[in-house]
Amino acid sequence: MNKAVCLFLLIVSCWGCSSSSTTEKHQGKRDNITNVHDQIKEIVIEDVLINNYSRVQIIDKYLFIKDHKSADEFIHIFDKDNFKYITSTALRGQGPREIGRIGHIAEDKVNRKFYVWDAVKYKIFSFDLDSVIFDPAYLPVEKIKMSKEVFPNEYTYINDTLSIGVTIMPIGDSNFIPLVGKINMKTGEIKHMNYTINPDVKKKRIGFGISIEHGIYVEAYMPHDLMTICSLDGELKYNIYGPNWDTDTHGIDHFVDVAFCNNRIVATYSGEKSFKDRKTVFPTKFIIFDLDGNYLKTLETEYQIVKFCYDKDNDRFIISMNDNMQFGYLDVGELLD
């Protein structure tokens, strides 16, 4: 048994008895359902070809669409208000300022930069936002090289010595453990949070959302009907067990993506097997919770949702879909009440 597995088992055993009844919430049903299929408006993109399964994200006043299958630039940038195409960046390649395989994009709001994880080179590259917008030939600079033993996967940048997000600990061939931690982007040091996993979980795969404003982060489990809310110091606040909670996975995806939308936690939910008739199955529902994890309602889209992000300025979800509509948006307004 390698050191990574031993460390993980030690963490689980240390925290197996830590939770109390005040942290445990069981939700027997989630049946307050609103169908919003006809309220989703299509975003038509004509100026650039984007592959299926692309990811959407708001950076500053722009909509970023990350296309990991792209043959040239990985990131396509649009005006988030009218969806007009602006430019593309993050050139694909093995050159010193090119990206081998694109990973997470993190925004540095203070310095008007964004950081891109290269999952081949194990490096984080720094992009100056204004230079990207106004200079078609702009190339990024290397910010830091990370260890292959533990490295960041998805995180929110706070400053150069503190980012919080999901890190990946490889454990043998094609397997890994996702652990939330604090990341120092000057030194590369990673410190994992105290509470790392529910002891009844057999396999940890999660969607991650964080709110600096509200001082909490969320881990939404894919193999289990479970959502965990912790403080920014990694202390457990709540385990929220859904109506389909089971210690075994049964090959079913539950939560896939999660984000904070003002004072709401919004997660995409499937409840279906990942593959059906050799086709990938994506979630079609948004489940709405308050900040304590109490269930409020379900929004049924009837579209297969790949990824979504919340545009706070326009109070709407922007959605990437694997369906007859590739991109769309939903004005949420009172839907989150």
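Keep in mind as you look around that the model is predicted. The secondary structure comes to 2 helices and 28 strands.

Start with the overall dimensions. The C-alpha atoms fill a box of roughly 55 × 50 × 40 Å along the principal axes. The radius of gyration is 20 Å, which agrees with the value near 20 Å that a compact globule would have with 337 residues. As for how the chain folds back on itself, take the contacts with a separation of 6 or more: 46% of them are between residues 24 or more positions apart.

Now for a look inside, at Thr 167. You'll find Thr 167 in strand β13, which covers residues 162-170. Thr 167 counts as buried because its relative accessibility is 0%, and the cut-off for buried is under 20%. What does the side chain of Thr 167 make a polar contact with? The partner is the side chain of His 192, at 2.9 Å. Beyond its neighbours within four places in sequence, Thr 167 is in contact with a run of residues from Val 150 through Phe 151 and Pro 152 to Asn 153. The list of contacts also takes in Ile 177, Pro 178, Leu 179, Ile 183, Ile 190 and, once again, His 192.

Lys 202 sits in the loop between β15 (190-192) and β16 (206-211). Is Lys 202 buried or exposed? At 56% relative accessibility, Lys 202 counts as exposed. Setting aside neighbours within four places in sequence, Lys 202 is in contact with His 224, Thr 247 and Asp 248. With Asp 248 there is a polar contact between the two side chains, at 3.0 Å. For a sense of distance, pick out Lys 307: it is 105 residues from Lys 202 along the chain, and the two C-alpha atoms are separated by 25 Å.

Another loop worth a stop is the one between β24 (285-289) and β25 (295-300), where you'll find Asp 290. Despite its place in a loop, Asp 290 counts as buried, at 18% relative accessibility. The side chain of Asp 290 reaches the backbone nitrogen of Asn 294 at 2.9 Å. Leaving aside neighbours within four places, Asp 290 is in contact with Asn 263, Arg 264, Ile 265 and Leu 296. Of these, Asn 263 is 27 residues away from Asp 290 in sequence, with 6.6 Å between the C-alpha atoms.

On to the charged pairs. Side chains of opposite charge can pair when their charged atoms come close. The whole structure has 17 salt bridges. One of them joins Lys 29 and Asp 31, at 3.9 Å from N to O, and Lys 29 counts as exposed, with 58% relative accessibility.

Arg 112 and Asp 130 form another salt bridge, with their closest N and O atoms 2.8 Å apart. Arg 112 lies in the loop between β8 (102-108) and β9 (113-118) and Asp 130 in helix α2 (residues 129-134), so the pair ties together parts 18 residues apart in sequence. Arg 112 is partly exposed at 29%, and Asp 130 is partly exposed too, at 30%.

Next come Glu 142 and Lys 123, whose side chains meet in a salt bridge at 3.1 Å, N to O. This pair links distant parts of the chain, with Glu 142 in strand β11 (residues 141-145) and Lys 123 in strand β10 (residues 123-128), 19 residues apart. Glu 142 is partly exposed, with a relative accessible area of 41%. Elsewhere, salt bridges that share partners join Lys 80, Asp 81, Asp 311, Asp 313 and Arg 316 into one network.

Last stop, the cysteines. A disulfide is a covalent bond between the sulfur atoms of two cysteines. How many disulfides does a search of the whole structure find? The count is 0. Take Cys 261: the closest cysteine sulfur to its own is in Cys 309, and because the two are 9.3 Å apart, they are too far for a bond. Cys 261 counts as buried, at 1% relative accessibility. Cys 230 is buried as well, with a relative accessible area of 0%.

Methods: Residues numbered from 1 in each chain as written. Predicted model: local features only at pLDDT ≥ 70, side-chain atom pairs only at ≥ 80, totals over all residues. Heavy atoms only, no water. Helix = DSSP H or I, 4+ residues; strand = E, 2+ residues; numbered from the N terminus. Buried < 20%, exposed > 50% of the residue type's maximum accessible area, 1.4 Å probe, protein only. Polar contact = N/O pair within 3.5 Å; in protein donor to acceptor, adjacent residues only side chain to side chain. Contact = heavy atoms within 4.5 Å. Salt bridge = Lys/Arg side-chain N within 4 Å of Asp/Glu carboxyl O. Rg over C-alpha atoms; globule rule 2.2 N^0.38 Å. Disulfide = S-S within 2.5 Å.
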